[in-house]
Structures are given as C-alpha cells and as structure tokens.
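Have the sequence and the 3D view side by side as you read.

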Amino acid sequence: MKESFWGALIISFGVISIMFIYFFQNVTNTDQQNYNLLRETTEAAMYDAIDYNEYITNGNVKINAEKFVENFTRRFAENASLSNTYVIEIYDISEYPPKVSLLVKSTKDTNLAGEVVNFDVTNKIDAILETPY
C-alpha cells in the first residue's frame, strides 16, 4: 500500500510539472516571437519608407512617416498571431535622421486549472536606420 501511494505521488508530480513547463513555454515563446516580429518588421518598414527623391537631390537619408506607419501596420498584421490581441503605440518618428520608437503590447490568454489567466507581454524598440556612407 505504501509503495502505491509513492507511485501515485510521483505520477501526479510528473503531470503537474509537465503542465507548468507547457504554461511557461507558451508565454516565453509569445514574448520571443513578438520581439523578433517587431524588430524585423520595423527594419523592413524603415527601408520601404526611404524617400529616394531626397536622397538623390541632397544625399540625405530620410524616411516618410506616413509611409512607415502604413508599411509597419501592414507587415505586422500579416505576420502576427491571430490568437493574441495587439496594441501598437508609435511614440516618435524622426524623418531625418531616420529614427522610430515603438511599443507593442499583446495579451496572451491561457487556461490554468479551469481559470483563464491573462498575461500582458510588452516589447519596446528604438530603431535608427544606419546606412553606409
């Protein structure tokens, strides 16, 4: 009888530990995916928003703010996970020199022991477009 209780205890600890690993892995993957998506999308949108007329006439690398916002939201929406809720806040866009400051907040819902738990994952990036001179 004593050995069977130990066996049941070990199996229950195993199941609980697997649940915790799955739970924290899900939240960690969400944070890493959001950061990589934010970094890559910001870089691509900045390259898309370069004002080539300004570069040809004056030699200055300058971005168009409206074009950056349009490209960023389009690219981010195409690649974002549909199971999350996102809030994108653009704090600063400097056209010359090209610099942007962004904040992306996402809410991840998970189910833990019958209760829905919400996690807010926040990623912030300040990007400066560097070009070889």
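Which residues of the largest nonpolar core touch the most other members? Keep in mind that this is a predicted model. The core has 19 residues, and Phe-68, Phe-72 and Phe-76 are the ones that touch the most other members. Helix H1 (2-48), helix H3 (65-79), strand E2 (99-112) and strand E3 (115-128) each contribute at least two residues to this core. With four residues, H1 gives the most. As a general point, nonpolar side chains in soluble globular proteins tend to be buried together.

Zoom in on Phe-68 to see who surrounds it. Apart from its neighbours within four places in sequence, Phe-68 is in contact with Thr-42, Ala-45, Met-46, Ala-49, Ile-93, Val-100 and Leu-102.

Now move to Tyr-86, which sits in strand E1 (residues 85-94). Beyond its neighbours within four places in sequence, Tyr-86 has contacts that include Phe-76, Ala-80, Val-104 and Asn-34. With Asn-34 there is also a polar contact between the two side chains, at 3.3 Å. As for Phe-76, 10 residues away along the chain, its C-alpha atom is 10.0 Å from that of Tyr-86.

Follow the chain onward and you come to Pro-97, in the loop between E1 and E2. Here the peptide bond from Tyr-96 to Pro-97 is cis, with omega near -5 degrees.

Phe-24 belongs to helix H1, and it counts as partly exposed because its relative accessibility is 49%, with over 50% needed to count as exposed.

Finally, the charged side chains. Side chains of opposite charge can pair when their charged atoms come close, and a search of the whole structure finds five salt bridges. One of them joins Arg-75 and Asp-48 (2.6 Å, N to O). Arg-75 lies in helix H3 and Asp-48 in helix H1, so this pair ties together parts that are 27 residues apart in sequence. Arg-75 is partly exposed at 25% relative accessibility, and Asp-48 is partly exposed at 27%.

Glu-78 and Arg-74 also meet in a salt bridge (3.6 Å, N to O). These two are separated by about one helical turn, because they are four residues apart in helix H3. Glu-78 counts as exposed at 54% relative accessibility, while Arg-74, at 38%, counts as partly exposed.

Technical notes:
Residues are numbered from 1 along each chain as its sequence is written. This is a predicted model: local features need pLDDT of at least 70, side-chain atom pairs count only at pLDDT 80 or more; totals for chains, interfaces and linings use all residues. Side-chain values use heavy atoms; hydrogens and water are left out. Contact means heavy atoms within 4.5 Å. A polar contact is a pair of N or O atoms within 3.5 Å; within protein, one must be able to donate a hydrogen and the other to accept it, and residues adjacent in sequence count only if both atoms are side-chain atoms. A nonpolar core is a set of buried Ala, Val, Leu, Ile, Met, Phe, Trp, Tyr and Cys residues joined through side-chain atoms within 4.5 Å. Buried means under 20% relative accessible area, exposed over 50%, partly exposed in between (1.4 Å probe, protein chains only). A salt bridge is a side-chain nitrogen of Lys or Arg within 4 Å of a carboxyl oxygen of Asp or Glu.
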